[in-house]
Amino acid sequence: MTQFSNSMAQETSRDVGPVVLLGPPGAGKGTQAKRVMERYLVPQVSTGDILRYNVAQVTDLGVAAQAVMARGELVSDDLVCEMVRQRLSLKDCKRGYILDGFPRTAPQAGWLDALLDDKLFDNPRPTRAWPIVIRLDVDYNQLLLRIAGRRSCPTCGRIYNVHFQPPLVDEVCDVDGAKLVTRNDDRLEVIEPRLAAYQEQTAPVADYYHRTGRLISINGDLPMDEVTKLIFRIIEDHNA
Ligand code: AMP
């Protein structure tokens, strides 16, 4: 077994606490969150995925969020926080969870701390469950290539990139043969507003965690497997 495959082995004996992955769109949060989920068997809670599901199902939340998302702007804190509160109260989050795309504004970060303070989830531990906050830093031009090249399978959710991780057959999923799609908000004209929203509203989230000494930054330009190893090490050091 290689060192990397060893480090990918499942580790399910301990709680992992909330893990928060920060970083601009295209930084690799979704890919890395899935690897944490597979290793520690805790759910990935992606606010973008939940919102897209609601848009597809035409729920009240989806109807309220659709136009905002199509413009690359952020959905209101109230709607997103209520959606996250409901998701985190489900049983599968008891051992921990990995937040991907949340918090994205300073008020959302404050709200999450208050939620964890409330021990809303019958946390039997006497201490507060501080989130492990990891930010993936990626060069701007890399981000543009990663987002513009991103394709996903509408059936199994697998993510590809036409530049860096192409499917075996152009525009077709390797796993189930479905035709790959470009996310509505990955269109070129929406990418820049999304990156601007990140700079304006999400950079203060990093400041919020930095001020309280909780921000850990990783070079997200490193190869994907290297980034994964660093994330696993941070989680394990935190729980040691
Ligand atoms: P993502 O897949 O994380 O890039 O999210 C896609 C879109 O969903 C974003 O561009 C926002 O419009 C919306 N969204 C996702 N997470 C949040 C959040 N925490 N707060 C506000 N809007 C969000």
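This is a predicted model: local features need pLDDT of at least 70, side-chain atom pairs count only at pLDDT 80 or more; totals for chains, interfaces and linings use all residues.
1. Residues are numbered from 1 along each chain as its sequence is written, and side-chain values use heavy atoms, with hydrogens and water left out.

2. Start with the ligand. There are 16 residues around it, and Thr47, Glu73, Gly101, Arg104 and Arg194 come nearest. By class, that shell holds six nonpolar, four polar and six charged residues. Here Ala, Val, Leu, Ile, Met, Phe, Trp, Tyr, Cys and Pro count as nonpolar, Asp, Glu, Lys and Arg as charged, and the others, Gly among them, as polar. Helix α3 (residues 47–56) supplies the largest share of the shell, four residues. Helices (H or I, at least four residues) and strands (E, at least two) are DSSP runs, numbered from the N terminus.

3. Now the polar contacts, meaning pairs of N or O atoms within 3.5 Å; within protein, one must be able to donate a hydrogen and the other to accept it, and residues adjacent in sequence count only if both atoms are side-chain atoms. A backbone N or O atom of Gly101 sits 2.9 Å from a nitrogen atom of the ligand. The side chain of Arg104 has an N or O atom 2.9 Å from a ligand oxygen, and for the side chain of Arg183 the distance to a ligand oxygen is 3.1 Å. Taken alone, the ligand exposes 480 Å², and the protein buries 96% of that (accessible areas by the Shrake-Rupley method with a 1.4 Å probe; for residues, only the protein chains shown count as cover).

4. Next, the sheet. Five strands form an open sheet in the order β2-β3-β1-β4-β7, with parallel pairing (two strands pair if DSSP finds at least two bridges between them). β2 (44–46) and β7 (215–219) are at the edges with a single partner strand each, so one side of each has no neighbour in the sheet. From one strand to the next, the twist averages 25 degrees; axes are lines fitted to C-alpha atoms, for helices over the stretch in contact, and angles run from 0 to 180 degrees between N-to-C directions.

5. You can trace the pairings residue by residue. β1 (residues 17–22) and β3 (residues 96–100) share five bridges, and Leu21 has Asp100 as its bridge partner in β3. Four bridges link β1 and β4, with Val20 opposite Val133 in β4. β4 and β7 are joined by five bridges; there, Arg135 has Ser217 in β7 as its partner.

6. Two loops deserve a look. Phe102 and Pro103 are joined by a cis peptide bond, with omega about -5 degrees, and Pro103 is in the loop between β3 and α6 (106–117). Leu41, in the loop between α2 (29–40) and β2, has a positive phi near 55 degrees although it is not glycine.

How values were computed. A residue is near a molecule or strand if one of its heavy atoms lies within 4 Å of it.
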